[in-house]
Amino acid sequence: MDKEKIINIALIVVIIAAIFGGRYYYSQSTEANSSIENVHKKIEQNHKEISDLKSKTSNLNIRQLSVEKSRLEKQQEQLKKQLESI
Amino acid sequence: MDALLKLAAVLTLLWGGWMYFKNSDSETELRKVRNELKVSKGEVGEAQASYEAEVKKRDALAEEVNALKEQNQQLEKDIRAKIKEKSERAAQERRDRLAAEEEAREERRKAREAELAKAKEERDAKWKQEEEEERKRQEEEDAKQEEEDAKYAAERAAERERSASQWQSEECKQKIKSANVKMQRYLSCRAYDPGDVQDYGRIDLLKKKWTLNVQACLKAANDGNRKKLKAASKALRDTANGLNSMSGGKNAGCLSDAAEVIEAAETIIDATKQLKKLNLQGR
């Protein structure tokens, strides 16, 4: 076998290996990009969920309930005094 | 051919290398975003935990609020019940007090009625006794009064009788006295009118006789001797007739004077007799 042939075969092998390797990394890259896109979507979804949770948390009206509780406690004291006084 | 093959080899190697680096970048980016995802997941977990904690807190507060509401409602119910109980107790006490007052009033009324009945009985008995006593006293007083009336009537009768007899005595005395005076006036023949009579001797005699006869009548009357009075009266009438006849009937007054004298003498006798009788009754 001559040198050129061997070189050509090696080149062909390299080309084949490069094609398969490139294809492999291409597919990997595409998959990674897809995953990245999915992760972004998930992150965005998480942000939205966090926002929703914060909104829901702020809509729980805990302050209003605290005020109501305070009012009811005062009312209870007055009622107890009134009961005792009867 | 060789050059083309070499170019293809170079190009494929370049493409393969570029893919490799691209893949490497994608892997790096993927790790990065996965880390971000992990962080965001952690944040979501925190937010979720925070939300759950807030929800628990809200639930706890809501439970407390509900419990407070229920307690307050129970307290209001207790207050209403206590007020109602108090008002009912007050009403019951008022009813009891009214009933007790009514009972006491009824007892007082019964006691008063009993007392009034007893007082009435006592009063009736007392009245009856007083009436009986009054009746007895009245009877005694009536009897006494009747006795006194009878006594008074007897006294009055006796008094009247005494008065009457006294009066009659006085009257008799007065009659006797006036008759005596009357007869004394007729001692001289006052009514005689001599006229044209001539026999003065006889007339004087008759006048003296008149005087004597009147004196006899007076004496007989004062002595109460009716016989002598009768005789003296006859003589006096005869004397009066004599005087009248001597004057020719012009001295009729002598007759009436004689009648007056005789009447007075009889009056003296009757009055004296009555006076004696009255004196006898008075003793």
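**Entry 1: a pair in chain B**

I looked up B:Glu260 and found a salt bridge to B:Lys182, with the closest N and O atoms 2.5 Å apart. By salt bridge I mean a side-chain nitrogen of Lys or Arg within 4 Å of a carboxyl oxygen of Asp or Glu. The pair links distant parts of the chain. B:Glu260 sits in helix H4 (residues 252-282) of chain B, B:Lys182 in helix H1 of chain B, and 78 residues separate them. Helices here are DSSP runs of H or I with at least four residues, strands are runs of E with at least two, and both are numbered from the N terminus.

I then checked how open the two residues are. B:Glu260 is partly exposed, because its relative accessible area is 26%. B:Lys182 is also partly exposed, at 23%. My classes are buried for under 20% relative accessible area, exposed for over 50%, and partly exposed in between (1.4 Å probe, protein chains only).

**Entry 2: ground rules**

I am reading a predicted model, where local features need pLDDT of at least 70, side-chain atom pairs count only at pLDDT 80 or more, and totals for chains, interfaces and linings use all residues.

I asked how many salt bridges the structure holds over all chains. The count is 16. One of them joins two chains: A:Lys69 lies in helix H2 of chain A and B:Glu64 in helix H1 (residues 2-185) of chain B. Their side chains meet at 2.4 Å, N to O. A:Lys69 counts as partly exposed, since its relative accessibility is 21%. B:Glu64 is partly exposed too, at 34%.

I noted another pair within chain B. B:Arg58 forms a salt bridge with B:Asp59, and their closest N and O atoms are 3.2 Å apart. B:Arg58 is partly exposed at 25% relative accessibility. B:Asp59 is partly exposed at 32%. I also found a network of salt bridges that links B:Glu106, B:Arg109 and B:Glu113. As background, side chains of opposite charge can pair when their charged atoms come close.

**Entry 3: where the chains meet**

Next I turned to the interface. Its size is about 4300 Å² buried between chain A and chain B, with 75% of that on carbon and sulfur atoms. Buried area is the accessible area (1.4 Å probe) that two parts lose on being put together, summed over both. I counted 44 residues from chain A and 47 residues from chain B in the contact. Contact means heavy atoms within 4.5 Å.

How many salt bridges cross the interface of chain A and chain B? The rule finds one.

On the side of chain A that touches chain B, helix H1 (3-58) and helix H2 (62-85) of chain A each give two or more residues. H1(A) supplies the largest share of that side, 29 residues.

**Entry 4: one arginine**

I picked A:Arg23, which is in helix H1 of chain A. Is A:Arg23 buried or exposed? It counts as exposed, because its relative accessibility is 58%. Leaving aside neighbours within four places in sequence, A:Arg23 is in contact with A:Ala18 and B:Trp15.

**Entry 5: the chains one by one**

Chain A has two helices and zero strands. Of its 86 residues, 26% are buried. I read about 6300 Å² for the accessible surface of chain A, 52% of it belonging to carbon and sulfur atoms. Accessible areas come from the Shrake-Rupley method with a 1.4 Å probe; for residues, only the protein chains shown count as cover.

Chain B has four helices and zero strands. Its elements run α-α-α-α from the N terminus on. Of its 283 residues, 24% count as buried. Chain B exposes about 20100 Å², and carbon and sulfur atoms supply 52% of that.

Terms used. Residues numbered from 1 in each chain as written. Chains lettered and ligands numbered in written order. Heavy atoms only, no water.
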